[in-house]
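Here is a short report for a reader meeting this protein for the first time. Please keep the sequence and the model in view while reading.

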Amino acid sequence: MEYKYTAIILNKRNVGETDRICTMYSLEGGKIKSVAKGVRKPQAKLAASLESITLADVTIVRSRGLGKITGSIVENNFTAIKKDEQALLNVFAVFHLFDKLVDFENPDQGVFELLQKYLESMEKAVGGGDEQKYLIFRYGFIVKLLDALGYAIGVDVCAACGCELTPAKICFSSQQGGVLCEQCAKQDKDAILVSVNAVKMLRLFLKNDLPTFAKIQAFRQDFDSMRLAVDDFLRWNL
Ligand SMILES: [Zn+2]
């Protein structure tokens, strides 16, 4: 059977003499992998269209197992990202996490569009001379992905008692799954203090569309506070 996918190539691994296994996230089939035969031969035409960080229309012939990739047409090469070392490091960190969090063959249009918007936003951000933007897109993407996969970070009320938060002192507990009021934080020895603006940033990530994050301006300490909370949440949940 021949299958056609709109897919974003996540990574590739060499196998055998000239083959490669590509892992991709597709609109139609979710995360899939398949074999690209002979692509490491010098004259191989498929290789360029199966590089990591490429959006392509991929054809796979499969009866069972991984099948083989018989065609690939590039839709977006994300050339700017590929030429910028910092952008590349950020995208690979996101892909690594994405690959860990997302199961095989569980298609989700929302997740596909989120990943596509992340890459398109990064492509636009390259050359703007503001590397904090890369990190804002990275963390914004992670927060939205966690939400889409059902690991929502609680940011509206205290995750332990459900009370309204007073902006004076907000803590964050990965164990409880989100922000805590002052009273509940006293009983959680692993809770960390977070800045009010860090919590606002998390709310903004959850409520808004990813491309709008280009407009976010954050003070270093608020950004670092948000990042600390998300990294702690990832360590706890992965
Ligand atoms: Zn509470």
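In which helix is Ala 87 found? Ala 87 is found in helix H2. The model is a predicted one.

**Ala 87 and its surroundings**

Is Ala 87 buried or exposed? Ala 87 has 23 C-beta neighbours inside 10 Å, so Ala 87 counts as buried. Setting aside neighbours within four places in sequence, Ala 87 is in contact with Ile 81, Met 122, Val 126 and Tyr 134. Take Met 122 from that list. Ala 87 and Met 122 are 35 residues apart in sequence, yet their C-alpha atoms are 7.3 Å apart in space.

**The chain as a whole**

The protein chain has 7 helices and 8 strands. Its C-alpha trace spans about 65 × 40 × 25 Å along the principal axes. The chain has 238 residues, and 36% of them count as buried. Consider the contacts between residues at least 6 apart in sequence: 56% of these join residues at least 24 apart.

**Helix H2**

H2 covers residues 85-101. At 1.5 Å a residue, its 17 residues should span 24 Å; the end C-alpha atoms are 24 Å apart, which agrees. Its buried residues are Ala 87, Asn 90, Val 91, Val 94, Phe 95 and Phe 98. Seen down the axis of H2, these buried residues fall within an arc of 135°, so they line one face of the helix. The face turned away from the buried side carries exposed residues: Glu 85, Gln 86, Leu 89, His 96 and Lys 100. What lies over the buried residues of H2? The cover includes strand E1 (2-15), helix H1 (79-82), H3 and H4.

**How the helices pack**

Helix H4 packs with both H2 and H3. The table sets out the two pairs.

| Helix pair | Angle | Distance between axes |
|---|---|---|
| H2 and H4 | about 10° | 10 Å |
| H3 and H4 | about 175° | 10 Å |

How do H2 and H4 run, parallel or antiparallel? Their angle is about 10°, and H2 and H4 are therefore roughly parallel to each other. On the H2 side, the contact is made by Gln 86, Ala 87, Asn 90, Ala 93, Val 94, Leu 97, Phe 98 and Leu 101. On the H4 side, Glu 131, Tyr 134, Leu 135, Arg 138, Phe 141, Ile 142 and Leu 145 take part. These contact residues divide into 11 nonpolar, 2 polar and 2 charged.

H3 (residues 109-125) and H4 (residues 131-148) meet at about 175°. H3 and H4 are therefore roughly antiparallel to each other. H3 brings Gly 110, Val 111, Leu 114, Tyr 118, Ser 121, Met 122 and Ala 125 to this contact. H4 brings Lys 133, Tyr 134, Phe 137, Phe 141, Lys 144, Leu 145 and Ala 148. The residues of this contact divide into 10 nonpolar, 2 polar and 2 charged.

**Helix H3**

H3 has 17 residues and reaches 24 Å from first C-alpha to last, close to the 24 Å expected at 1.5 Å a residue. Buried in H3 are Val 111, Leu 115, Tyr 118, Leu 119, Ser 121, Met 122, Glu 123 and Ala 125. Their cover includes E1, strand E2 (19-26), H1, H2 and H4. Just after H3, Gly 127 takes a positive phi of about 95°.

**Tyr 134 in H4**

Tyr 134 has its place in helix H4. Why does Tyr 134 count as buried? Tyr 134 has 24 C-beta neighbours inside 10 Å, and therefore counts as buried. Not counting residues up to four places away in sequence, Tyr 134 touches Gln 86, Ala 87, Asn 90, Met 122 and Ala 125. Tyr 134 and Lys 169 are 35 residues apart along the chain, and their C-alpha atoms are separated by 29 Å.

**Helix H7**

H7 covers residues 220-237. At 1.5 Å a residue, its 18 residues should span 26 Å; the end C-alpha atoms are 26 Å apart, which agrees. Phe 223, Ser 225, Met 226, Ala 229, Val 230 and Phe 233 are buried in H7. Seen down the axis of H7, they fall within an arc of 165°, so they line one face of the helix. Exposed residues Arg 220, Gln 221 and Arg 235 sit on the face turned away from the buried side of H7. The buried residues of H7 have a cover that includes H4, strand E6 (170-173), strand E8 (192-194) and helix H6 (196-207).

Methods
Residues numbered from 1 in each chain as written. Predicted model: local features only at pLDDT ≥ 70, side-chain atom pairs only at ≥ 80, totals over all residues. Helix = DSSP H or I, 4+ residues; strand = E, 2+ residues; numbered from the N terminus. Buried ≥ 20, exposed ≤ 12 C-beta atoms within 10 Å, placed from the backbone. Contact = placed C-beta atoms within 7 Å. Axes fitted to C-alpha atoms, helices over the stretch in contact; angles between N-to-C directions. Parallel < 35°, antiparallel > 145°, perpendicular 65-115°, else oblique. Nonpolar A, V, L, I, M, F, W, Y, C, P; charged D, E, K, R; others polar. Expected span 1.5 Å × (residues − 1). Arc of directions from axis to C-beta.
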